[in-house]
Amino acid sequence: MRRYGHHRQPKHQSGGGLKAVLGRVSVAVAALLICTVWLLFSSSSVSNGNRSFRYGSKIDLEALWGPADSSGWRPSSAPRSDWPSPPSESNGYLRVRCNGGLNQQRTAICNAVLAARIMNATLVLPELDANSFWHDSSGFQGIYDVEHFIAVLRFDVRIVESIPETRKNGKTKKIKAYQLRPPRDAPISWYATDALKKMKEHGAIYLTPFSHRLAEEIDNPEYQRLRCRVNYHALRFKPHIMKLSNTIVNKLRAQGHFMSIHLRFEMDMLAFAGCLDIFTPEEQRILTKYRKENFAAKRLVYHERRAIGKCPLTPEEVGLVLHALGFDNSTKIYLAAGELFGGERFMKPFRALFPRLENHSSVEPADELLENSQGLVGSAVDYMVCLLSDIFMPTYDGPSNFANNLLGHRLYYGFRTTLRPDRKALAPIFIDRENGRLAGFEEAVRRVMLNTNFGGPHKRVPPESFYTNSWPECFCQMSPKNPADKCPPENVLEILNNRLESEMGNGFESTTTSNLTVPTEEEQ
């Protein structure tokens, strides 16, 4: 069989540490079970893509509360070709510093694992640059389940929590990692040559910053599936975050369906978009100052930007879209947002249309959230609640890592319904409304929305990110037309586990018999 994406390199540095960890990992942790999200997958089913949501010229809301049509696809990130376990010795240690917010860091972690696989490196637990963005020092260990992360990826890379010290001539010595700045969207070849060369010279390298430092589009489906294994299986929040998120979801769902909205009407995004004219002179001054301090100079004219859909939807516009789709004031909505710029005057029209608004602090005023509502914990809880909601609506999914990652995650976990407003198509409709042309407004909005994807499988077209849409690489079919899309055998992880056991010797403790393929609703 052809070996996709594996570079065997000369032995150099011992991976160290992982064997001991594997021995301690329980069956429950290492089973690679699909996260409990799937248990909440709705029993409703739809067919024929968006056509199932039509009811005459309107949209069938009852269908929207269920998942989108899978067209026979099911998520699967298990290897489908020969995938050797990591060698007993690696070429050295890889350290990375993941900058940005929680979700930008999440994609960086996925890229770090892939980079380690490419170089046959031992990955040191990624560092999260939380202080500069969140003023939060939780770090990887404070947000993610470390043992689960290591166990899930044991067939892919060796992972240690820190670079171990070495002893030579009776003296203890710590390996100092050589610092490198990777090119943005670096190709695989850069890691297999430049980075690997420095790793072999120094025994360890430190890549910083590490945001968008590995190309997303890679012509190797096994590498892309590795990214999905990291993103959708290995990166599990710590138990207390999962418990807190589950408590909020249960309270919201106790009264029926609920929708989550990522209301991206915050200072950084408004300044980035250059959408200033709707604000007071003082607010414009604040946004202009923020833009000069954080973004490259660029001529931005509000009316031009607005006309081509480059501005985030206002809270009122979000409400008008939902109302046009047929949602009424009984709809329960969970808001995932930072501090809304402009305050209550922008929220008032939205609240008038949809008064049943909640956020994580109003649903569950836990001390941890009250103390860290804008930090990593608050962002992690928002992420999980949006992931588990019946419907998710991003209001600005351009450069928003939070929205883009969630769109991809919801696609992977059961084609869960999303409402993705086409801002460019909606812009002239809203402008007409502001100019007093109200006739046919809601019908025009519905026509735009019916031309969008509601969460079903669809071709990835630039600039859509792989992390927003991992179809078809991370999906499979039981009876495919194309053999490359066939689901892997149910015992694929048992095969990998047995191989790893034989390579590591009798000291290895078996930890899995599960699969990385999500069953379809009908097969559960």
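The residues that line the largest cavity are Leu 407, Arg 410, Leu 411, Arg 416, Thr 418, Arg 420, Asn 453, Gly 455, His 458, Glu 464, Thr 468 and Asn 469. A cavity here is a set of points, on a 1 Å grid over the protein atoms alone, where a 1.4 Å probe fits but cannot get out, and lining residues have an atom within 4 Å of a point. The model is a predicted one, in which local features need pLDDT of at least 70 and side-chain atom pairs count only at pLDDT 80 or more, while totals for chains, interfaces and linings use all residues. Residues are numbered from 1 along each chain as its sequence is written, and side-chain values use heavy atoms, with hydrogens and water left out.

The lining of the largest cavity divides into two nonpolar, six polar and four charged residues. In this scheme Ala, Val, Leu, Ile, Met, Phe, Trp, Tyr, Cys and Pro count as nonpolar, Asp, Glu, Lys and Arg as charged, and the others, Gly among them, as polar. The space in the largest cavity is about 70 Å³, a volume being the space filled by probe spheres set on the points, with grid points joined across faces, edges and corners. In the structure there are four cavities of 30 Å³ or more.

I turn to the strands. Helices (H or I, at least four residues) and strands (E, at least two) are DSSP runs, numbered from the N terminus, and two strands pair if DSSP finds at least two bridges between them. Strand 6, residues 93–98, is joined to strand 7, residues 122–124, by two bridges, and the two run parallel. Within strand 7, Leu 123 is the residue opposite Leu 94. From strand 6 the chain passes through helix 4, residues 102–119, to strand 7, in a β-α-β crossover that is right-handed; that is, with the strands pointing away from the viewer, the path from the first strand over the helix to the second runs clockwise.

Strand 6 also pairs in the parallel sense with strand 13, residues 204–207, over four bridges, and there Val 96 has Leu 207 as its bridge partner. With strand 8, residues 127–128, strand 6 pairs in the parallel sense over two bridges, Arg 97 standing opposite Glu 127.

Which strands does the open sheet of four contain, and in what order? The order is 16-15-14-17, with parallel pairing. Its edge strands, each pairing on one side only, are strand 16 (357–358) and strand 17 (391–394). Four bridges connect strand 14, residues 259–262, with strand 15 in the parallel sense, and Met 259 stands opposite Ile 333.

An antiparallel case is found in strand 10, residues 165–168, and strand 11, residues 171–174, joined by four bridges. These two strands form a hairpin with two residues between them, and Asn 169 in the turn has a positive phi of about 55 degrees.

Next, the aromatic rings. Rings of Phe, Tyr and Trp (its six-membered ring) pair if their centres lie within 6.5 Å; planes under 30 degrees apart count as stacked, over 60 as edge-to-face and the rest as tilted. By this rule there are 21 aromatic pairs. One of them, Trp 65 with Phe 327, is edge-to-face, at 5.7 Å centre to centre and 85 degrees between the planes. Trp 65 lies in the loop between helix 3 (61–64) and strand 4 (74–75), and Phe 327 in the loop between helix 14 (315–325) and strand 15 (333–336), so the pair ties together parts 262 residues apart in sequence. Trp 65 is buried at 11% relative accessibility, and Phe 327 is buried at 3%; buried means under 20% relative accessible area, exposed over 50%, and partly exposed in between, with a 1.4 Å probe and protein chains only.

The ring centres of Tyr 383 and Phe 402 are 6.1 Å apart with planes at 90 degrees, so this pair is edge-to-face.

Finally, the backbone. Most residues other than glycine have a negative phi, and most peptide bonds are trans. The bond from Thr 208 to Pro 209 is cis, with omega near -5 degrees, and a cis peptide bond also joins Trp 471 and Pro 472, with omega about 10 degrees. Phe 415 has a positive phi of about 50 degrees and is buried at 3% relative accessibility. Ser 71 has a positive phi near 50 degrees, but Ser 71 is partly exposed, at 44%.

Conventions:
On a 1 Å grid over the protein atoms alone, a cavity is a set of points where a 1.4 Å probe fits but cannot get out, and a pocket is an open set with protein on both sides within 12 Å along at least five of seven lines; lining residues have an atom within 4 Å of a point.
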